[in-house]
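Good morning, and thank you for making time on the agenda.

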Amino acid sequence: MGIIVGAMALFVVLSVFSGLKVFSLSFSNEIDPDLKISSTLGKSFFISPIQEKQIKQIDGAVSYSKILEERVLFTFNGKQEVTYLKGVDSEFTKVNDIKKKLYNGDWFQPNTNQVVVGYGISEKFSMGLLDFNNFLEVLAPKPGKGAIENPDEAFNKMVVIPVGIYAISEDLDSKYIFADLGLAQELLEYKSNQISGIEVKLKKGADEAAVTQKLETIFDHKITIKNRAQLNESLYKMLNTENLAVYLIFTLVIIIALFNLIGALIMMILDKKGNLKTLLNLGTEIKDLRKIFLLQGTLLSVFGGIIGLTLGIAIVLLQQHYELVMITPTLAYPVVFSFENVMIVLATIVTLGFIASLIASSRVSKKLLD
């Protein structure tokens, strides 16, 4: 029973944390591309028509979008906020499903002063859509060297019109304001082929390493390419560390439960001492007597682990399909069934059960039987 409950608990907890990992990453993955290209030499780089043609010909890449990101100052009705202006081209909605996350309004039209803001920013500014009485103004420092003599001439200013509000997560809703790529280039005084990055969408099942290698060749290895995991490296590390910590804690619980197995096997050795002595006198070797209890303990672990896993899988599948446990009235506790967790639990139970049985069976000795 101890092994069954331990295996069941370990599998359920691992499935829950796998669900929480997927749930946490779903927010960042909403606006993160499969691959993101940025310059290794500075904030921006130039892209030629030939390079664009070569990107289109890459097998495995569905589409790509040129972007320009920069931290700028936004002002509205006496309020100020420094955040990222993200200029994107018309292909951005093919690379990213951002349109599905629009809370209100529509996506901006190309070659206009329209922008799409995050829900968090709209709350901070107490700002609505298409408000022609109060203008949203964006200010960016003018490029150049030397001391600033007139603060009014140190910034490029532009009035933009919010036409849409997106809602993803608390952090992301306050991070970006999306605008047309041409508008961002004009504000920052960039050339028409000067960008800060390229976002690429891959085909399902595409060879990521092969696509990355082709992109590096196109740009003469002067770029940095990151996938979704690398774009959210700290988040992935945190979630993996949490998962490992929970696994180790519950493994410790199973180890404590397996002390019962060791105790039970030792009690059985003492109970069957007479039978063991008879077998020894009949010519059975000590190592063969030990194998009896090693096999018994291992079988207890295997069958206990299988029964516990079966119960754990049933609980996880019931939660997935019927949402028995809820976090909020509309959000079920996330769980993910995976064969990886099944193998981890089974390997842990069998390995620790074998070690426990080996420790207990080592009590069978000639000295004990004499």
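The model is predicted: local features need pLDDT of at least 70, side-chain atom pairs count only at pLDDT 80 or more, and totals for chains, interfaces and linings use all residues. Residues are numbered from 1 along each chain as its sequence is written, and side-chain values use heavy atoms, with hydrogens and water left out.

Let me start with helix α5, residues 181-188. Helices here are DSSP runs of H or I with at least four residues, strands are runs of E with at least two, and both are numbered from the N terminus. Six of the eight residues of α5 are buried, so the helix is largely enclosed by the rest of the structure. Buried means under 20% relative accessible area, exposed means over 50%, and partly exposed lies in between, with a 1.4 Å probe and protein chains only. The buried residues of α5 are L181, L183, A184, Q185, L187 and L188.

What do these buried residues pack against? Their partners are the strands β3 (61-76), β4 (79-88), β7 (136-141), β8 (155-166), β9 (176-180) and β10 (194-195).

After α5 comes E189, which is placed in the loop between α5 and β10. Most residues other than glycine have a negative phi. E189 counts as partly exposed, at 44% relative accessibility. N77, in the loop between β3 and β4, is not a glycine either and has a positive phi of about 50 degrees. N77 is exposed, with a relative accessible area of 55%.

Helix α8, residues 233-271, has 39 residues and reaches 56 Å from its first C-alpha to its last, close to the 57 Å expected at 1.5 Å a residue. That expected span is 1.5 Å times one less than the number of residues. The buried residues of α8 include Y236, L239, V246 and I269.

Helix α10, residues 286-322, has 37 residues and reaches 54 Å, close to the 54 Å expected. E323 follows α10 with a positive phi, near 50 degrees. Within α10 lies L317, which is partly exposed, with a relative accessible area of 32%. L317 and L181 are 136 residues apart in sequence and 46 Å apart in space, C-alpha to C-alpha.

On a 1 Å grid over the protein atoms alone, a cavity is a set of points where a 1.4 Å probe fits but cannot get out; a pocket is an open set with protein on both sides within 12 Å along at least five of seven lines; and lining residues have an atom within 4 Å of a point. Grid points are joined across faces, edges and corners, and a volume is the space filled by probe spheres set on the points.

The largest pocket holds about 540 Å³ of space. Of its 23 lining residues, K36, E69, Y84, Y176 and L231 lie nearest the centre. Which element gives the most to this lining? It is β3, with four residues. By class, the lining of the largest pocket has seven nonpolar, six polar and 10 charged residues. Here Ala, Val, Leu, Ile, Met, Phe, Trp, Tyr, Cys and Pro count as nonpolar, Asp, Glu, Lys and Arg as charged, and the others, Gly among them, as polar.

The structure holds one cavity of 30 Å³ or more. The largest cavity has about 40 Å³ of space, and its lining is D131, F132, N134, F135, L136, V160, I161 and P162. The largest share of that lining, three residues, comes from β8. Its lining residues divide into six nonpolar, one polar and one charged.

E70, in strand β3, has a relative accessible area of 15%. Leaving aside neighbours within four places in sequence, E70 is in contact (heavy atoms within 4.5 Å) with K43, T83, Y84, L85, L188 and Y190. Q51, in helix α2 (residues 49-56), counts as buried at 16% relative accessibility. With its neighbours within four places in sequence again left aside, Q51 is in contact with F46, I218 and F219.
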